[in-house]
Amino acid sequence: MKDKRETYQRESADLSSVSYYEYDTPVGLVRLVWQDGFLTALSLAGKSQPNAFWRRGELTYEEAGRRLAEGGARLGETAGIVRTMKELQEYFEGKRREFTVPLRPEGTAFQKQVWQALLTIPYGQTRSYGQIAAQIGKPGASRAVGMGNHCNPIAILIPCHRVIGANGSMTGYGGGLDIKEYLLKREGVLC
């Protein structure tokens with residue numbers, strides 16, 4: 001069996017066109033990743049990260065950051081990163097309900113269908129996994145929708161936190177249920 005680190009090293013892309021920045025928010029430290037004029041990732045510290053650049057499995061927040069730096073990504077506040085931070089601040093202050101930042105999440109065709117459906121869930125509302133599955137034309141794919149949610153590389157802006165169980169229960173969230181509940185309270189869904 002091959003060493004995973006060796007496999008990841010070979011699959012690593014040149015990240016010189018990538019910029020990233022980390023900063024503190026009401027939900028903790030986040031990392032924003034921009035490439036070619038698009039936000040490609042918003043990751044929450046301490047959580048596993050969908051592996052957009054290396055195409056296999058998940059990475060810890062720390063490992064993803066290390067690989068960005070080693071791959072030549074630039075650390076700093078670009079115009080796109082500053083715009084994203086401003087919109088996030090407005091969201092957390094209750095002044096923004098929709099984001100205008102251009103997004104380019106990396107994933108499978110199915111995952112992209114799921115994420116596109118998530119973008120249609122209005123602020124202050126929720127949908128069940130089954131409703132999202134039906135919306136994308138795959139009514140029996142609730143669990144696959146759950147995995148698509150789990151692989152969402154752009155937390156908060158692609159609102160996977162707005163997806164709940166069919167019975168209204170809080171179900172898994174890659175950022176942790178405490179953050180999911182915080183975001184839904186912020187949006188007025190929970191008291």
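Student: How do β1 and β6 pair, parallel or antiparallel?
Tutor: In this predicted model, strand β1, which covers residues 18-25, pairs with β6 in the parallel sense, and two bridges join them. Within that pairing, Y20 stands opposite L75 of β6.

Student: And what holds paired strands together in general?
Tutor: Strands of a sheet pair through backbone hydrogen bonds, and they can do so in a parallel or an antiparallel way.

Student: OK, so what's the strand order in the sheet?
Tutor: The order is β3-β2-β1-β6, in an open sheet of four strands with mixed pairing. The edge strands are β3 (38-44) and β6 (74-75), each of which pairs on one side only.

Student: Which helix packs on the sheet?
Tutor: Helix α2, made of residues 61-70, packs there and touches β1, β2 (28-35) and β3, with its direction making about 35 degrees with that of β2.

Student: Back to β3 for a second, is it mostly covered or mostly exposed?
Tutor: Strand β3 is mostly covered, since six of its seven residues are buried.

Student: How many bridges join β2 to β3?
Tutor: There are six bridges between β2 and β3, and these two strands run antiparallel. As one example of a bridge pair, V30 has L44 in β3 as its partner. The two strands form a hairpin with two residues between them, and D36 in that turn has a positive phi of about 50 degrees.

Student: Switching topic: how many salt bridges does the structure hold?
Tutor: The structure holds twelve salt bridges. One of them joins the side chains of R67 and E63, at 2.9 Å from N to O. Both residues lie in helix α2, four residues apart, which is about one turn of the helix, and both are buried.

Student: What about K86, which residue does it form a salt bridge with?
Tutor: K86 forms a salt bridge with E90, and their closest N and O atoms are 2.7 Å apart. Both belong to helix α3 (residues 79-92), and they are also part of a network of salt bridges that links R83, K86, E87, E90 and R96.

Student: Why does K86 count as exposed?
Tutor: K86 counts as exposed because its relative accessibility is 51%, and the cut-off for exposed is over 50%. E90, by contrast, counts as buried because its relative accessibility is 16%.

Student: Last one: where do R162 and E187 lie?
Tutor: R162 lies in the loop between α6 (142-150) and β8 (163-164), while E187 is in the segment after α7 (177-186), so this pair ties together parts that are 25 residues apart in sequence. The closest N and O atoms of their salt bridge are 2.8 Å apart. R162 is buried, with a relative accessible area of 5%, and E187 is buried too, with 6%.

Definitions and conventions:
Residues numbered from 1 in each chain as written. Predicted model: local features only at pLDDT ≥ 70, side-chain atom pairs only at ≥ 80, totals over all residues. Heavy atoms only, no water. Pairing = 2+ DSSP bridges. Contact = heavy atoms within 4.5 Å. Axes fitted to C-alpha atoms, helices over the stretch in contact; angles between N-to-C directions. Buried < 20%, exposed > 50% of the residue type's maximum accessible area, 1.4 Å probe, protein only. Salt bridge = Lys/Arg side-chain N within 4 Å of Asp/Glu carboxyl O.
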